[in-house]
Amino acid sequence: MGLKSRLNIVLKIIYLLFSEGYATTSGENLIKKDICLEAIRLALLLSNNKYCNRPDVHALIALMCFHVSRFDARIDDQGEMVDMEHQNRNLYNKDLIQEGIRHLEDASVPSDPSDYHLQAAISYYHCTAPSFEETDWKRILKLYDLQLQRQYSPIVELNRIVPLHKVFGPNAAVGALQNFERSSYFIKNALFYAIRAEVLYELKNLKDSRKAIKEAIKLTHNELEKKHLSKKLRVLESQIK
């Protein structure tokens, strides 16, 4: 097995480690910062090795830096989850964003960017947007399209529906959700139903939005996310006569 193959495996392991810390799948914590910082440390060690100082290593470091830069905004003073739309962007760590930008520049390639490049670019637009409304959703949508062109992933397909919704509106998002649900790649998970609930809410279909939130709660294993969705459900139910 060549160096590139071995390095790809190591990067996947580091990113899996980071992902578990960044979005804990179960338990009461949304974030395990120490795990994320350890993943970044390991990737930085790789970048300092002349044989591993490669664009995809820097792209992964950039991606992790951008994600970690938002940590303080993801949980409020009461210890509750805050979705991206309502995060206080003044709490974003500007130094980490700049570090991420530096590594993203070091990751520059003339063609065929890796998934880490594309994901880092998506996170860059989220971190540097002045507000949620001013996010460059068109560029983010294009980056998701590029990811799907490289290799199909049902999770990427689901995440793509969010910028699709912002660019083309809720009806386009409903169509995409329906197409995904009818496909052989359909995944019955909390993300699907959470996105459906948001879209149906915007279309004033409150009862079906409530059904979707309930399904998302049922499929969520992280207690903090479950609490966040339950709070949304209570607000929604207060609006249904």
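**Chatting through a predicted model**

Biologist: Hi! Which residues touch the most other members of the largest nonpolar core?

Modeller: Among its 42 residues, Leu 11, Ile 14, Phe 18, Leu 46, Leu 60 and Met 64 do. A nonpolar core is a set of buried Ala, Val, Leu, Ile, Met, Phe, Trp, Tyr and Cys residues joined through side-chain atoms within 4.5 Å, and buried means under 20% relative accessible area with a 1.4 Å probe, protein chains only.

Biologist: What should I know about the model itself?

Modeller: This is a predicted model, where local features need pLDDT of at least 70, side-chain atom pairs count only at pLDDT 80 or more, and totals for chains, interfaces and linings use all residues. Residues are numbered from 1 along each chain as its sequence is written, and side-chain values use heavy atoms, leaving out hydrogens and water.

Biologist: Back to Ile 14: what does it touch?

Modeller: Not counting residues up to four places away in sequence, Ile 14 touches Ala 39, Leu 42, Ala 43, Leu 46, Leu 60 and Met 64. Contact means heavy atoms within 4.5 Å.

Biologist: New topic! Is Asn 189 buried or exposed?

Modeller: Asn 189 counts as buried because its relative accessibility is 16%. Asn 189 sits in the loop between helix H9 (170-182) and helix H10 (190-202).

Biologist: Which residues is Asn 189 in contact with?

Modeller: Ile 155, Leu 158 and Leu 219, leaving aside neighbours within four places in sequence.

Definitions and conventions
Helices (H or I, at least four residues) and strands (E, at least two) are DSSP runs, numbered from the N terminus. Buried means under 20% relative accessible area, exposed over 50%, partly exposed in between (1.4 Å probe, protein chains only).
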